[in-house]
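This report walks through one protein model and its ligand. Please have the sequence and the structure open as you read.

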Amino acid sequence: MEFRVEDAIHWFTVVNDKIQENKENLTTLDQVIGDSDHGINMARGFQEVVNKLSTQEYEEVADVLNHVAMTLISKVGGASGPLFGTAFLKFSQAVKGINPVDYDSFTKGLEEALQGVKQRGKAKLGEKTMIDVWSPVVDVFQSEKGFEDNLFIEVAREAMENTKHIMATKGRAAYFKEKSIGHIDPGSASTYMIFEALAEVIKG
Ligand code: ADP
Ligand code: MG
Ligand code: MG
């Protein structure tokens, strides 16, 4: 794998397309177990990311990731902005100086991103948060099978669906206690879209 600046730009362009298309869906998910703003938060953040992506020059993948991180942290008010922002900031730091990014470094970046989300949100696997999608995806990459038949995308989809069965113990959804069961976690749905976009970019 050779992941270059143009791939990173392509990745976040496709992420933004998916988020804009699914803005209402994400907000609907957040309506049931949150405050109805996840689609709005994500759409605002990634639109801003993409607006700036086209106007700047990047030397390496880490610079693109850093730009994404800083934009999400500064432009998205909800929990998801700082959390996704931290993920891409840690990812950026992990691949700094490596260009293009190879498979092992990409995997390391994902690992660091996951650790960053866990630390920032003080959450762990099984609490009905975006971690429930990030974590199994990192496992697949570590098993070196990430790109075989785009296995990671199937894993991400199942993991997102699986959040339905979990009772939330972190974030706003935790206020809903047992009532949070039966609904997909909004942040897990947007995390799935991020990986769905990655699969498309790598294929293309
Ligand atoms: P807010 O909850 O502030 O309105 P959003 O609606 O944009 O923010 O994002 C909610 C999503 O953020 C949740 O669906 C969940 O995936 C994620 N999330 C919330 N709290 C945490 C946490 N402590 N750790 C990890 N992810 C979290
Ligand atoms: Mg919300
Ligand atoms: Mg909110």
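## G126 and its loop

G126 touches D132 and I166, leaving out residues up to four places away in sequence; contact here requires C-beta atoms, placed from the backbone, within 7 Å. G126 sits in the loop between helix 6 and helix 7. Helices are DSSP runs of H or I, at least four residues long, and strands are runs of E, at least two long; both are numbered from the N terminus. The C-alpha atoms of G126 and A168 are 8.3 Å apart, although 42 residues separate the two along the chain.

The scale runs as follows: 20 or more other C-beta atoms within 10 Å make a residue buried, 12 or fewer make it exposed, and partly exposed is in between, with C-beta atoms placed from the backbone.

## Basis of the model

The model is predicted: local features need pLDDT of at least 70, side-chain atom pairs count only at pLDDT 80 or more, and totals for chains, interfaces and linings use all residues. Residues are numbered from 1 along each chain as its sequence is written, while chains are lettered from A and ligands numbered from 1 in the order in which they are written.

## Domain annotation

An unreviewed UniProt entry carries the annotation "domain: DhaL" for residues 6–200. UniProt positions follow the numbering used here, feature names are shortened, and annotations may be inferred rather than shown by experiment. The span of residues 6–200 is 67% helix and 0% strand. Its end C-alpha atoms lie 14 Å apart.

## Surroundings of ligand 1

How many residues surround ligand 1? The shell has 24 residues, and the closest are G78, G121, T129, G171 and G187. A residue counts as near when its C-beta atom, placed from the backbone, lies within 6 Å of the molecule.

Four helices each give at least two shell residues: helix 3 (38–53), helix 5 (80–94), helix 6 (103–121) and helix 9 (186–203). Helix 9 supplies the largest share, three residues. By class, the shell holds seven nonpolar, ten polar and seven charged residues. Ala, Val, Leu, Ile, Met, Phe, Trp, Tyr, Cys and Pro count as nonpolar, Asp, Glu, Lys and Arg as charged, and the others, Gly among them, as polar.

## Core and helix packing

The largest nonpolar core has 61 residues. Such a core is a set of buried Ala, Val, Leu, Ile, Met, Phe, Trp, Tyr and Cys residues joined through C-beta atoms within 7 Å. F12, V15, L65, F88, W134, V137 and A156 have the most contacts inside it. In soluble globular proteins, nonpolar side chains tend to be buried together. Beyond four places in sequence, V137 is in contact with L110, F152, V155, A156 and F195.

Helix 7 (residues 131–142) packs against helix 9 at an angle of about 35°, with the axes 8 Å apart. Helix 7 contributes D132, V133, W134 and V137 to the contact, and helix 9 contributes S188, T191, Y192 and F195. Five of the contact residues are nonpolar, two polar and one charged. Axes are lines fitted to C-alpha atoms, for helices over the stretch in contact, and angles run from 0 to 180 degrees between N-to-C directions.

## Backbone exceptions

Most residues other than glycine have a negative phi, and most peptide bonds are trans. K128 has a positive phi, near 65°. K128 lies in the loop between helix 6 and helix 7, and it is buried, because 28 other C-beta atoms are within 10 Å. E144 also has a positive phi, about 65°. E144 is in the loop between helix 7 and helix 8 (151–162). With 11 C-beta neighbours inside 10 Å, E144 is exposed.

A cis peptide bond joins N99 and P100, with omega about -5°. P100 is in the loop between helix 5 and helix 6.

## Charged residues on helices

K18 belongs to helix 1 (residues 5–21). K18 touches M193, E196 and A197, not counting residues up to four places away. K18 and E196 are 178 residues apart in sequence, but 9.0 Å apart C-alpha to C-alpha. K18 is partly exposed, because 19 other C-beta atoms lie within 10 Å.

R44 is in helix 3. Leaving aside neighbours within four places in sequence, R44 is in contact with K75 and V76. The C-alpha atoms of R44 and K75 are separated by 7.4 Å.

Conventions:
Two residues are in contact if their C-beta atoms, placed from the backbone, lie within 7 Å.
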